Amino acid sequence: MVEVLYFSWVRERIGIPRESVDTKANTVRQLVDELKAREPRYDMAFSDLSSVRVAIDQELTDFDAPISGAREVAFFPPMTGG
Amino acid sequence: MPVRIQSNLFDIGAEIEAFQSGRTDAGAMVSFCGIVRQSEDAPLSRMLIEHYAGMTEKSIRKIELEARAKWSLVDCLIIHRFGELEPGDPIMMVATLAEHRSDAFQAAEFLMDYLKSRAPFWKKEFRTGGESWVASKESDEAALERWSE
């Protein structure tokens, strides 16, 4: 089980801020594919991965990163702080 | 090295005063404050800032440590707000104290560039015409490249 978090418009499209996901995925990309296969709202949120960023256990990473041992995977658009 | 993430309004002048007062080891202080900007074309009623609690603090600490490794700083202050903001409200501020002004200026600019696109904040604007998430700019990413030299 991994805790999956969503922020900004990714959260709005999926409709929830976080959920526990039972996954067989080895990488972030595989996790995204599993989610997209679930329901159209995930497909809508992840339709263009070039506009989505990912963090594993609160560290920025990429979609090919392994998720084994991860407690938290977060998806969000490019950040707009400052 | 104070870092504060808060929803409350802050007083820029009071923060600078508290940060600098009593310090005799710094010859230069630079401060920057980002403010919610109003627009005549598409009036902004409010701004909502979302953040990733936990990662926000971690990533800002990391950015601060990088700044301290690159320049000789006496201290730095970073405040960033989240939640509901109105036009004219301060969004965030950075202040740096250094022996000399060059370190203070450069470190402040570096901190700003990194806070813009490496700290997990997202801004949503509510305008007369509707609401929308602020998109990141390519120039924000390009701004980071100059520091990697």
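Trainee: Which residue follows α1(B) with a positive phi?

Mentor: This is a predicted model, and the values we discuss are computed from it. Beginning at the start of helix α1 of chain B, which covers residues 12-20, a side-chain oxygen of Asp11(B) comes to within 3.0 Å of the backbone nitrogen of Gly13(B). After that helix comes a residue whose phi is positive, near 85 degrees, and that residue is Gly22(B).

Trainee: How much area do chain A and chain B bury between them?

Mentor: The contact draws on 21 residues from chain A and 26 residues from chain B. Of the area buried between the two chains, 54% lies on carbon and sulfur atoms, and the total is about 1,900 Å².

Trainee: Which element gives the most to the side of chain A that touches chain B?

Mentor: Between the two chains, 14 residue pairs are in polar contact, with both residues at pLDDT 80 or more. At least two residues of the side of chain A that touches chain B come from each of β1 (2-6), α1 (8-14), β4 (59-61) and β5 (72-76) of chain A. The element that gives the most, with four residues, is α1(A).

Trainee: And how do the residues on that side of chain A divide into nonpolar, polar and charged?

Mentor: The side in question is the one that chain A turns to chain B, to which α1(A) gives four residues. Sorted by class, its residues are 11 nonpolar, five polar and five charged.

Trainee: Which element gives the most to the lining of the largest pocket?

Mentor: The largest pocket holds about 540 Å³ of space, and of the 26 residues that line it, Arg37(B), Lys116(B), Lys123(B), Val134(B) and Lys137(B) are the closest to its centre. Two or more lining residues come from each of β2 (28-35), β3 (44-51), α3 (101-118), β7 (121-127) and α4 (138-145) of chain B. By class, the lining comprises 10 nonpolar, eight polar and eight charged residues. The element that gives the most, with four residues, is α3(B).

Trainee: Where does the largest share of the lining of the second largest pocket come from?

Mentor: The second largest pocket has a volume of about 210 Å³, and its lining includes Gln58(A), Glu59(A) and Leu60(A) together with, among others, Met55(B), Lys58(B), Tyr114(B) and Arg118(B). At least two residues of this lining come from each of β4 of chain A, α2 (55-70) of chain B and α3 of chain B. In terms of class, four lining residues are nonpolar, two are polar and five are charged. The largest share, six residues, comes from α2(B).

How values were computed. Residues numbered from 1 in each chain as written. Chains lettered and ligands numbered in written order. Predicted model: local features only at pLDDT ≥ 70, side-chain atom pairs only at ≥ 80, totals over all residues. Heavy atoms only, no water. Contact = heavy atoms within 4.5 Å. Buried area = accessible area lost by both parts, 1.4 Å probe. Polar contact = N/O pair within 3.5 Å; in protein donor to acceptor, adjacent residues only side chain to side chain. Nonpolar A, V, L, I, M, F, W, Y, C, P; charged D, E, K, R; others polar. 1 Å grid on protein atoms, 1.4 Å probe; cavity = no way out; pocket = protein on both sides within 12 Å on 5 of 7 lines; lining within 4 Å. Points joined across faces, edges and corners; volume = space filled by probe spheres on them.
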